[in-house]
Amino acid sequence: MSDGLSNLNLLRIRRTDESFAASADRLADEVSDTGAFILRTCERLDVLTTDNDAAAFPNQLDAHFAGRNAVRELFRVATGLDSKIVGESHILGQVRSTLRDATHLQPHVRRVVERSIAVGRAVREASGIGTAGQGYVGAAIAFLAQQELASGAIGIVGSGALGRELAVAVAENLERRVVVFGRHCGRAALTAAFAGGRAASLGEIRCEAPHLAAIVSATSSPRTLITAESLALVADDLPIVDLGEPANVELTLANRIGLADLVEYGAQPREPIVERAESLVAAAADRYVAAQTTRRVRTAGAFI
């Protein structure tokens with residue numbers, strides 16, 4: 001088994017349907033004993049390996065990156081550029097913890113993953129993408145603080161890292177109770193606990209919404225979660241802040257406040273930040289490839 005850069009492959013399965021779990025389990029089991037790096041999130045499985053396992057999954061892979069492109073893609077993942085909510089910080093911690101728990105990685109795979117953590121951290125700081133998500137949290141809080149809100153709690157749709165930041169910010173800065181809505185009740189309850197709030201299932205938002213002062217949605221779901229039908233019992237002036245990307249809230253709702261609407265409240269336009277981060281990641285990948293090429297040449301020269 002070669003550990004050379006030319007044999008490096010990143011295999012990806014990304015699904016939002018019921019087939020994801022079965023496909024991800026099958027691929028993970030197939031490569032679990034090969035020394036590959038296996039990174040799994042809710043809707044994505046990435047396998048970094050120096051074996052060409054792609055041929056074993058001709059109809060299951062959604063993406064296959066090789067060589068320099070595999071390096072660049074893992075750097076993008078660690079930076080948060082491939083996340084549904086671009087710039088979120090949770091993924092970097094996932095890469096770090098997955099590496100910590102991996103005991104028998106292929107040597108070159110380990111080097112790439114270790115480098116991805118350093119690159120992710122550096123690019124997030126240099127580009128500002130690491131604060132992009134936090135900036136939108138601050139902007140959402142600034143927006144709500146300027147509204148004449150009715151009495152009641154603030155509804156938070158989303159139980160991930162951004163939802164947790166929102167819940168804590170609402171409790172601390174607006175001094176409001178929070179209700180965290182999520183598809184997974186356990187995660188929603190954990191997120192709510194950080195802010196001393198309570199949790200509810202996403203399906204309960206229709207009944208809960210009339211008692212809320214505002215709703216803030218921040219999930220990575222590719223589907224619209226809040227529709228006119230789900231808010232049929234709610235007044236038209238209930239503020240609904242949508243931090244989702246893609247949008248979590250039906251675009252036709254007049255009371256929807258989207259990402260672009262929050263710029264005047266302190267949120268930075270995302271496009272220039274993302275472009276700079278992509279450029280820095282590409283440059284870091286080029287430097288890594290060049291360094292590894294030089295390393296191989298020197299190693300080969302030692303045996304001449």
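Which residue of β7 stands opposite V180? A199 does.

This is a predicted model, in which local features need pLDDT of at least 70, side-chain atom pairs count only at pLDDT 80 or more, and totals for chains, interfaces and linings use all residues. Residues are numbered from 1 along each chain as its sequence is written, and side-chain values use heavy atoms, with hydrogens and water left out.

**The sheet**

Helices (H or I, at least four residues) and strands (E, at least two) are DSSP runs, numbered from the N terminus. Two strands pair if DSSP finds at least two bridges between them. An open sheet of 6 strands runs in the order β7-β6-β5-β8-β9-β10, and its pairing is parallel. β7 and β10 (256-257) stand at the edges with a single partner strand each, so one side of each has no neighbour in the sheet.

| Strand pair | Sense and bridges | Residues standing opposite |
|---|---|---|
| β6 and β7 | parallel, 4 bridges | V180 and A199 |
| β5 (residues 153-157) and β8 | parallel, 5 bridges | I156 and V216 |
| β8 and β9 (residues 240-242) | parallel, 3 bridges | I215 and I240 |

Buried means under 20% relative accessible area, exposed over 50%, and partly exposed in between (1.4 Å probe, protein chains only). In strand β8 (residues 212-217), 6 of the 6 residues are buried, so the strand is largely enclosed by the rest of the structure.

**Helix α7**

α7 lies across β6 and β7 and runs at about 155° to β7. Axes here are lines fitted to C-alpha atoms, for helices over the stretch in contact; angles run from 0 to 180 degrees between N-to-C directions. Helix α7 covers residues 185-194, and its buried residues are A188, T191 and A192. Seen down the axis of α7, these buried residues fall within an arc of 100°, so they line one face of the helix. The arc is that of the directions from the helix axis to the C-beta atoms. G186, L190 and A193 are exposed on the other side of α7. The cover over the buried residues includes α6 (161-174), β6 (178-182) and β7 (198-201). After α7 comes G196, with a positive phi near 65°.

**Two nonpolar cores**

A nonpolar core is a set of buried Ala, Val, Leu, Ile, Met, Phe, Trp, Tyr and Cys residues joined through side-chain atoms within 4.5 Å. The largest has 34 residues. Those with the most contacts inside it are L8, F37, L48, V71, F75 and V113. β2 (37-40), α2, α3, α4 (107-127) and α9 (270-301) each give two or more residues to this core. α9 gives the most, with 7 residues. Contact means heavy atoms within 4.5 Å. Leaving aside neighbours within four places in sequence, F75 is in contact with V112, R115, S116, V119, V281, A284, A285 and Y288. Apart from this core lies another, of 30 residues, among them F143, A213, L243 and L259.

**A buried aspartate**

D82 is found in the loop between α2 (68-79) and α3 (90-101). Its relative accessibility is 13%, so D82 counts as buried. A polar contact is a pair of N or O atoms within 3.5 Å; within protein, one must be able to donate a hydrogen and the other to accept it, and residues adjacent in sequence count only if both atoms are side-chain atoms. The side chain of D82 makes such a contact with the side chain of R14 at 2.6 Å. The side chains of D82 and R44 are joined by a polar contact of 2.4 Å. Not counting residues up to four places away in sequence, D82 touches R12, R14, R44, E73, R76 and V77.
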